[in-house]
Amino acid sequence: MIFNLIEKEIKFRKLNFILALSAMSFAVAFFVFFFTSNEASKRETIRLTRDMGFNLRIIPKETDMNKFWTTGYSEYTMPEDYVDRFWKFKDFSYAHITATLQKEIIWHNKEIILTGIAPEIDPAGRTAMAFRIEPGQVYIGYELAKEFKVHQEETIDILGKQFTIVKILSESGSTDDIRVYGALSEFQEILDMKGQINEIMALNCLCISPEEGDPLVMLREQLDQVLPEAKVVMNTTIANVREKQRYMLEEYFAVISACVVVLIAIWIGALAMINTKEREQEIGILRAIGHRSSKILGIFLGKALIIGFVSAILGYLLGSFLAVKFGSAIFKITASSIKPMYSLFAWSIIVAPSFSALSSFIPTIIAAIKDPAVIIKK
Amino acid sequence: MIYLENVSKIFESPRGRVEALKKVNFHAEKGEFVVMKGPSGSGKTTWLLSIGGMLQPTSGIIRMDGKNIYSMKENERTKFRASYIGFVFQLFYLIPYANVLENILLSGGLSGDAKKQERALELADNLGLMERLMHTPSELSTGECQRVALARALVHQPKLLLADEPTGNLDFENSLEVLKIIGHYHQQGGTVLFVTHTNIADSFASRTLHLKNGEIRE
């Protein structure tokens, strides 16, 4: 009977229902759009950070930092199998872990840096980010290729071993331009440093908020657990920019969402109040002919729950549509990965009816405790 | 059946204090048809709503079948009202979006879907509403609206019918029709308290009283 009354009342006072439904649907769509887009933004940040290169450098603890920054690598080495320790830690802030050995040598009377790279490991199973160099092959830095006029497919001799150039790297404006990249095992061999590395490169996802603390402190704590023999340095310039960009967006959202929540609550509450006023006689007669306050509560809260429920569906569909439609234009790099988040649907179904019922609560209580005699005497 | 002992009702407002009922004493036996007459503002509706368990007196006691209705808890009184009393008002107070049958079935004192439906249809038939069952109040004439309101008041077979100017909005023909229905209920053993400011119900009454300035006069 209650549901029948609610259904008929909704049909009878369509405008009130449509106005409440629109407001709630808008609110749900707003949140769904933001969360769906923000998830894409996070993915984009991670992708961009990844594209900027490794931002973490794990080096032997005893490394003299003055020399490290002067030469560009650590003069100390550590066993290559240290890198295997990262496999044990699944929930870790280090990703795309790559063991390297870097050493400056004189090649054709020029100082160059040999960089041996091991195949990348990633405990979380992400796709490899660094290039993989097969044995017998090398990548040559831009400056070296220009200086020695060497080309792709050419064979060169490095410390008595023949290598085929498979790639000339584009100009980077860094020491990468005077590097020769090869397979770690082969470079260990020609440098007579078998089983040794002097750096583990990694990427930090930059996933923790400034409120959660300094990411470098957390990274160092984690490294102490896995590799106490090493220390980590982070390219904080990249980190800061990315962090600021992402959290600025979240701060804006926090302010806007607070305003949206308050406005929608007032709007729903006002509509419920108007509805209560309109239905004063109905409430009075229902109470007079023997219906309990709880039934009146049921009628009004039931309507609020229906508004919330329908809004959750409409808002979710609208928000997801807007995110997919316009989000791809904003987040170009990860456009293809902007997809409706089904977990948000579950949240909408729970939160929207609760919010709607809460916003209508005061008018509903007023309706339920209305004195029927006062209404009838009017 | 109904006893009012020194019942007073005072309304306090910023504009002053109104004593709507002044130490009213009244009793009615089962099966009586009491007409309470009086001008507007004499306290008729206050008297009726107080008896109906909807308006607690400032002082005094109202007993029905020996029970002090205002010593009951709110929910208990609502339940008592739903099963014991039928209300009919001048303004009908029908639910605008519910059809005739649904309005009749809204009566709180009914239980059991099949029984409810059967009784509602029987009453609708007796009151000439069968053709209008699926119509909403806006599609009915005023006379039909009052008959629906009467059907809603009588569907649960109350012991007491409280009628507050039920003919006040009707023409003579419809008023007579409504009075006949109420008279029929009375003839079948129902007790009626009928409030009006006209003489229209005098011929149906077993007793007529007058209320003026909150006091009852024979």
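F194(B) touches F33(B), V34(B), V35(B), M36(B), A163(B) and A201(B), once neighbours within four places in sequence are left aside. In this predicted model, F194(B) also belongs to the largest nonpolar core, where M24(A), I104(B), A151(B) and F194(B) touch the most other members. Helix 2 (residues 14–52) of chain A gives that core its largest share. A separate core includes I58(A), F163(A), A183(A) and L227(A) among its residues. Here are the two side by side:

| Core | Size | Some members |
|---|---|---|
| Largest nonpolar core | 109 residues | M24(A), I104(B), A151(B), F194(B) |
| Another core | 37 residues | I58(A), F163(A), A183(A), L227(A) |

Now to the place where the chains meet. The contact draws 18 residues from chain A and 21 residues from chain B. On the chain A side, helix 1 (2–12), helix 8 (280–288) and helix 12 (372–377) each contribute at least two residues. That side of chain A is made up of eight nonpolar, four polar and six charged residues.

Within chain B, helix 2 (residues 74–84) is worth a look: T78(B), R81(B) and A82(B) are buried there.

Beyond its neighbours within four places in sequence, R17(B) is in contact with I10(B) and E12(B).

Technical notes
Residues numbered from 1 in each chain as written. Chains lettered and ligands numbered in written order. Predicted model: local features only at pLDDT ≥ 70, side-chain atom pairs only at ≥ 80, totals over all residues. Contact = placed C-beta atoms within 7 Å. Helix = DSSP H or I, 4+ residues; strand = E, 2+ residues; numbered from the N terminus. Nonpolar A, V, L, I, M, F, W, Y, C, P; charged D, E, K, R; others polar. Buried ≥ 20, exposed ≤ 12 C-beta atoms within 10 Å, placed from the backbone. Core = buried A, V, L, I, M, F, W, Y, C linked by C-beta atoms within 7 Å.
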